[in-house]
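Please look over the chain shown here.

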Amino acid sequence: MPKLVLLSAGMTGRTHELKADKTTIGRVEDNMFQIAEPSVSSHHCEILIRGNDVIVHDLSSTNGTFINGDKVSEGPLKPGQILRLGQIEMRLETDAPPPSAKKLDQTMVMQRGVNLSELEQTARGVGFDTKGTGFSKKDNKATKIVITACVVLGAIIVILLLYVFAIAGKNP
């Protein structure tokens, strides 16, 4: 049988078995599970038993209803999860053993990967010189300008040197 075990200081270990299909929780005495704490609303939430499922339904509480830290208006509460009403925390426990790991005989469908022949076909269709792939050779105009300027400057220096040697050779 499922039960709520209080975890908050001053109430640690206090439990409430969820025997009825609907259990109301709140600060005032007319609730099935009374929690006399200021952060808990008068009629904070209700716990509904639907078959093997435990459902938490918030009753428009002031400080909210949370399952494992997530605010809920209604949601399933699983064994071991923490239910927080205002500042009060409790855990759902059951007599049933915890769910075990997946059995080895169960089959799981896994997404198929890519085989080598598909990769080769894709590689043939896409060249490395295609613009925008990240692998194409970049067209760098600044580099072309610098190279052209160096070639022109070198030619001018060679011509000047030849001229200087030609003049020096005529005037000994």
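## Confidence

This is a predicted model. Mean pLDDT over the chain is 83. A score of at least 70 is reached by 73% of the residues.

Strand S7 (residues 65-67) has the highest mean pLDDT, 96. Helix H1 (residues 116-125) has the lowest, 63. Where pLDDT is low, the predicted coordinates should not be read in detail.

Strand S5 spans 45-50. Five of its six residues are buried, so S5 is largely enclosed by the rest of the structure.

S5 pairs with strand S3 (residues 22-26). The two run antiparallel and are joined by four bridges. Glu46 in S5 stands opposite Thr24. S5 also pairs with strand S6 (residues 53-58), again in the antiparallel sense, over six bridges. Here Leu48 has Ile55 in S6 as its bridge partner.

## The S5-S6 hairpin

S5 and S6 form a hairpin, with two residues between them. Gly51 sits in the turn. Its phi is positive, about 65 degrees.

## Ser41

Ser41 lies in the loop between strand S4 (33-34) and strand S5 (45-50). Is Ser41 buried or exposed? Its relative accessibility is 10%. The cut-off for buried is under 20%, so Ser41 counts as buried.

Which residues does Ser41 touch, leaving out those up to four places away in sequence? They are Gly26, Arg27, Ser61, Thr62 and Asn63. Of these, Gly26 falls within the range of strand S3 (residues 22-26).

Notes: Residues are numbered from 1 along each chain as its sequence is written. This is a predicted model: local features need pLDDT of at least 70, side-chain atom pairs count only at pLDDT 80 or more; totals for chains, interfaces and linings use all residues. Side-chain values use heavy atoms; hydrogens and water are left out. Buried means under 20% relative accessible area, exposed over 50%, partly exposed in between (1.4 Å probe, protein chains only). Contact means heavy atoms within 4.5 Å. pLDDT is the predictor's confidence in each residue, from 0 to 100. Two strands pair if DSSP finds at least two bridges between them.
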